[in-house]
Amino acid sequence: MLKLGVLASGRGSNFQSIIDSIKTGYLPASVEVLITDNPDAYAIERAKNNNIPYLIMQPKEYSSRDEYYRKIAEELKSRSVELVILAGFMRVVKKPLIDAYPMRIMNIHPALLPSFPGLHGQAQAVQYGVKISGCTVHFVDEGVDTGPVIIQAAVPVYHDDTEETLSERILKQEHRIFPYAIKLFAEGRLEVQGRIVHIKDSDREDSLIINPPLE
Ligand code: GRF
């Protein structure tokens, strides 16, 4: 069983999809702790409802950002966490945590990286006018949404989409690919070489999205 530590700042729907995937037996893992930087995060309710221990850790309580992430790493290590999951953690993780968990931190981003990194990836896609966007699960390095890509899902973007409608379409796919990426890790099927993540024994499918569809 892979021991997970989840970091989340808000609603926690991705956290929930991970909890649900564990419950059904799809994901051979356990969530050892939720750490949040937001005392009002709904993710806390989800932890309580599922008997998952949680910690509220806010940067302002620490002398520096490095100290903050050092303490987070300590909490995770003390619970023998093997893989750290950023499930809507709205901060750029700093070196002490990255060094404690090299290629052992996963993030989900609501765009097809390297397009539209940073905040509001969905709004950026709508404003840019792309016809396809999606979501990306990647390992975390010191940059903003720059680490090696593990899996991506693409969705169409329509001319009348808003940030909200596109977010909803993307979120459905987030809830599918994040548990799957963690499952691949748990099964020892991810091998990182430089920027490239090799996925052992994965199927190939020449699937295609063209938007708008050809007539
Ligand atoms: C998601 O859109 C995710 O891609 C981004 O933050 C949002 C978190 O949503 N990193 P939730 O808290 O998991 O519902």
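**Salt bridges**

I started by counting salt bridges, taking one as a side-chain nitrogen of Lys or Arg within 4 Å of a carboxyl oxygen of Asp or Glu. The structure holds 10 of them. Before going on, I noted that this is a predicted model, where local features need pLDDT of at least 70, side-chain atom pairs count only at pLDDT 80 or more, and totals for chains, interfaces and linings use all residues. I also noted that residues are numbered from 1 along each chain as its sequence is written, and that side-chain values use heavy atoms, with hydrogens and water left out.

I looked at glutamate 67 and lysine 71, whose salt bridge has its closest N and O atoms 2.9 Å apart. Both residues sit in helix H3 (residues 65–78), 4 residues apart, about one turn of the helix. For the naming, helices (H or I, at least four residues) and strands (E, at least two) are DSSP runs, numbered from the N terminus.

Next I checked burial, where buried means under 20% relative accessible area, exposed over 50%, and partly exposed in between (1.4 Å probe, protein chains only). Glutamate 67 counts as buried at 18%, while lysine 71 is partly exposed at 29%.

Then I went to arginine 79, which forms a salt bridge with glutamate 75, closest N and O atoms 2.7 Å apart. Arginine 79 is partly exposed at 24%, and glutamate 75 is partly exposed at 26%.

I also looked up glutamate 191 and lysine 200, whose side chains meet in a salt bridge at 3.7 Å, N to O. Glutamate 191 is partly exposed at 33%, and lysine 200 is partly exposed at 36%.

**The chain overall**

I counted 6 helices and 9 strands in the protein chain. Its radius of gyration, taken over C-alpha atoms, is 17 Å. The globule rule is 2.2 Å times the number of residues to the power 0.38, and for 215 residues a compact globule would come out near 17 Å, which agrees. The C-alpha trace spans about 55 × 40 × 35 Å along its principal axes.

Buried residues make up 47% of the 215 residues. For contacts (heavy atoms within 4.5 Å), I took pairs at least 6 apart in sequence and found that 63% join residues at least 24 apart.

The chain exposes about 11,200 Å², with carbon and sulfur atoms supplying 50% of it. That area comes from the Shrake-Rupley method with a 1.4 Å probe; for residues, only the protein chains shown count as cover.

**Histidine 138**

Is histidine 138 buried or exposed? Histidine 138 is buried, at 2% relative accessible area. I found it in strand E6 (residues 132–139). Leaving out residues up to four places away in sequence, the residues that histidine 138 touches include Ile105, Met106, Asn107, His109, Leu113, Asp145 and Ile150.

**Helix H1**

I checked helix H1 (residues 13–23) and found 8 of its 11 residues buried, so it is largely enclosed by the rest of the structure. Among the buried ones are Phe15, Ile18 and Ile19. What do the buried residues of H1 pack against? I noted strand E1 (2–8), strand E2 (29–36), helix H2 (43–49), strand E4 (83–86), strand E5 (105–109) and helix H6 (163–186). Glycine 25 follows H1, with a positive phi near 90 degrees.

I found a cis peptide bond from leucine 113 to proline 114, omega near 10 degrees. Proline 114 lies in the loop between E5 and helix H5 (121–128). That loop also holds histidine 120, which has a positive phi of about 55 degrees although it is not a glycine.

The bond from asparagine 211 to proline 212 is cis too, omega near 0 degrees. Proline 212 sits in the segment after strand E9 (196–199).

Last, I looked at serine 80, in the loop between H3 and E4. Serine 80 has a positive phi of about 60 degrees without being a glycine, and it is partly exposed at 43%.
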